[in-house]
Amino acid sequence: RGLGLALAKQLVKQGYEVAAVCRCARDARATARTLGQGSIPITLDLVEGMAAVQRAAQALAAWSGPGGLAVLVNNAGNSLVGWDEANWAASQEVNYKGPVSLTLALLPAMAEGSAVVMVGSGLGALELMSKHYRQLVTRAKSIEDLDAIGASSPE
């Protein structure tokens, strides 16, 4: 639905086969039907962590075959009310850890010259971050640095 479905439809128009990876199996099946022949449904709820990411990555790698994936679009996101520890953890899983973990898990299945697109919300804009987090993020030199920032509790 929304931006993800619009991107998927554009990719199909350009001749790509698209795997419909959705949080809910029902949505994945409906999206795959909408996208047509060559599309398959894959369920992935990033809140479920690495086991779910690995299952989805294995399914995507098998589906892509020896040619590999040409494009990976990470468009997961969630919107939560309030910032308690549970919401903070869920937000990290869906908005950061999950997409990064899925991308890393799929690197061996990516075709030469492939593209990875990370879609985020306005909440990731540097100008919306506190001065403290803005400095941490802009000084980060690696995924490990960003992981350390993500592992810290919010201000």
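Colleague: How many salt bridges does a search of the whole structure find?

Modeller: Side chains of opposite charge can pair when their charged atoms come close. A salt bridge is taken here as a side-chain nitrogen of Lys or Arg within 4 Å of a carboxyl oxygen of Asp or Glu. The search of the whole structure returns one. The structure is a predicted model, in which local features need pLDDT of at least 70 and side-chain atom pairs count only at pLDDT 80 or more, while totals for chains, interfaces and linings use all residues. Residues are numbered from 1 along each chain as its sequence is written, and side-chain values use heavy atoms, with hydrogens and water left out.

Colleague: Which side chains meet in a salt bridge?

Modeller: Those of Glu48 and Arg55, at 3.7 Å from N to O. Glu48 is exposed, its relative accessible area being 51%. By definition, buried means under 20% relative accessible area, exposed over 50%, and partly exposed in between, with a 1.4 Å probe and protein chains only.

Colleague: Which residues are buried in helix 2?

Modeller: Helices (H or I, at least four residues) and strands (E, at least two) are DSSP runs, numbered from the N terminus. In helix 2, residues 25-35, the buried residues are Ala28, Thr31, Ala32 and Leu35. Viewed down the helix axis, the buried residues fall within an arc of 100°, so they line one face of helix 2; the arc is that of the directions from the helix axis to the C-beta atoms. Arg26, Arg33 and Thr34 are exposed on the other side of helix 2. Ala30, also in helix 2, is partly exposed at 31% relative accessible area. Gly36 follows helix 2 and has a positive phi, near 90°.

Colleague: What do the buried residues of helix 2 pack against?

Modeller: Contact means heavy atoms within 4.5 Å. The buried residues of helix 2 pack against helix 1 (2-13), strand 1 (19-22) and strand 2 (40-43). Thr31 is buried, with a relative accessible area of 13%. Not counting residues up to four places away in sequence, Thr31 touches Leu5, Ala20 and Cys22.

Colleague: How do strand 1 and strand 2 run, parallel or antiparallel?

Modeller: Two strands pair if DSSP finds at least two bridges between them. Strand 1 and strand 2 run parallel and are joined by four bridges. Ala20 stands opposite Pro41 in strand 2. Strand 1, helix 2 and strand 2 form a right-handed β-α-β unit; a crossover is right-handed if, with the strands pointing away from the viewer, the path from the first strand over the helix to the second runs clockwise.

Colleague: How many residues has the largest nonpolar core?

Modeller: In soluble globular proteins, nonpolar side chains tend to be buried together. A nonpolar core is a set of buried Ala, Val, Leu, Ile, Met, Phe, Trp, Tyr and Cys residues joined through side-chain atoms within 4.5 Å. The largest has 16 residues, and those with the most contacts inside it are Leu44, Leu60, Leu102 and Leu106. Helix 3 (50-64), strand 3 (69-74) and helix 4 (85-106) each supply at least two residues of this core. Helix 3 gives the largest share, five residues.

Colleague: Which residues is Leu106 in contact with, leaving aside its neighbours within four places in sequence?

Modeller: They are Ala57, Leu60, Ala61, Leu69 and Leu72. A second, separate core has six residues, including Val18, Ala20, Ala32 and Leu35.
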